[in-house]
Amino acid sequence: MPDQEERVGARIASNRKLAGYTQNGLAAEAHVSLGAIRKVERGERLPTHGLLIAVARALRVTVEELTGQPYKGEKPSDRRTHAPVQGIRTAVRRHDLPVDWYTAPRPVHELAGDVRTAAGHRAAAHYSMLGAMLPGLLEELTAGVHLTSGKRGLRNIYVRSCAKP
């Protein structure tokens with residue numbers, strides 16, 4: 001079984017390739033040394049916290065994605081259970097991005113319907129269905145709030161969706 005250094009390095013290499021970076025390109029984008037990237041990807045050393053943060057930012061992923069946390073089991077059911085968590089984390093982290101980052105959300109009545117559906121999944125303890133719809137819904141609601149500042153309808157739906165029952 002590979003040790004933690006190799007797994008983190010393999011995740012960095014995989015994400016780097018998916019993003020279209022060479023090792024040199026990632027090092028430049030993350031403002032870290034090429035040697036550090038090479039050694040971490042080969043599993044010769046553990047990445048420092050600073051390197052993880054810089055690489056994650058450059059690759060537009062989270063540190064958790066690179067380190068594999070929360071550590072998941074190897075069964076397919078474990079992967080299904082944890083799959084939505086990363087999307088939810090990503091949506092929450094993007095809540096304060098500039099307005100030009102977002103695309104226009106669907107009409108308010110459609111979003112309201114999805115909020116009601118999500119609340120129904122939560123009430124019925126259908127967490128896998130809730131987890132599958134939450135990342136997109138959170139991003140769309142956040143976009144709606146940012147893009148419609150001053151318009152009460154969407155802002156009220158967003159506030160109600162975040163309120164405790």
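Predicted model: local features only at pLDDT ≥ 70, side-chain atom pairs only at ≥ 80, totals over all residues.
User: How many helices and strands does the chain have?

Analyst: The chain has 9 helices and 0 strands. Helices (H or I, at least four residues) and strands (E, at least two) are DSSP runs, numbered from the N terminus. From that end, the elements run α-α-α-α-α-α-α-α-α.

User: What makes T142 buried?

Analyst: Buried means under 20% relative accessible area, exposed over 50%, partly exposed in between (1.4 Å probe, protein chains only). T142 has a relative accessible area of 8%, so T142 is buried. T142 is found in helix α8 (residues 127-147). Across the chain, buried residues make up 31% of the 165 residues.

User: How do you know that the side chain of T142 and the backbone oxygen of L138 make a polar contact?

Analyst: A polar contact is a pair of N or O atoms within 3.5 Å; within protein, one must be able to donate a hydrogen and the other to accept it, and residues adjacent in sequence count only if both atoms are side-chain atoms. Here the backbone oxygen of L138 lies 2.7 Å from a polar atom of the T142 side chain.

User: Why is R16 called buried, and what does R16 contact?

Analyst: R16 is at 8% relative accessibility, so R16 counts as buried. R16 is found in helix α1. Contact means heavy atoms within 4.5 Å. Leaving aside neighbours within four places in sequence, R16 is in contact with Y21, T22, Q23, L26, E41 and L59.

User: Which residues of α2 are buried, and why do they line one face?

Analyst: In helix α2 (residues 23-30), L26, A27 and A30 are buried. Seen down the axis of α2, the buried residues fall within an arc of 100 degrees, so they line one face of the helix. The arc is that of the directions from the helix axis to the C-beta atoms. An α-helix has 3.6 residues a turn, so residues three or four places apart point the same way. Just after α2, H31 takes a positive phi of about 60 degrees.

User: What makes a group of residues a nonpolar core, and which members of the largest one touch the most others?

Analyst: A nonpolar core is a set of buried Ala, Val, Leu, Ile, Met, Phe, Trp, Tyr and Cys residues joined through side-chain atoms within 4.5 Å. The largest has 17 residues, of which I12, L26, A30, V55, L59 and L66 touch the most other members. Two or more residues come from each of α1 (4-18), α2, α3 (34-41) and α4 (49-59). Helix α4 gives the most, with 7 residues. Leaving aside neighbours within four places in sequence, A30 is in contact with A54, V55 and A58. A second, separate core of 7 residues includes L111, V115, A118 and L130.

User: How do you know that the span of α7 is close to the expected one?

Analyst: The expected span of a helix is 1.5 Å times one less than its number of residues. Helix α7 (residues 108-123) has 16 residues and reaches 22 Å from first C-alpha to last, close to the 22 Å expected. The buried residues of α7 are L111, A112, V115, A118 and H121.

User: Why is the pair E140 and R106 called a salt bridge, and what does the pair tie together?

Analyst: A salt bridge is a side-chain nitrogen of Lys or Arg within 4 Å of a carboxyl oxygen of Asp or Glu. The closest N and O atoms of E140 and R106 are 2.9 Å apart. E140 lies in helix α8 and R106 in the loop between α6 (76-93) and α7, so the pair ties together parts that are 34 residues apart in sequence. Salt bridges that share partners join R106, E110, D114 and E140 into one network.

User: Are D114, R106 and E140 buried or partly exposed?

Analyst: D114 is at 23% relative accessibility, so D114 counts as partly exposed. R106 is at 29%, so R106 is partly exposed too. E140 is at 17%, so E140 counts as buried.

Technical notes. Residues numbered from 1 in each chain as written. Heavy atoms only, no water.
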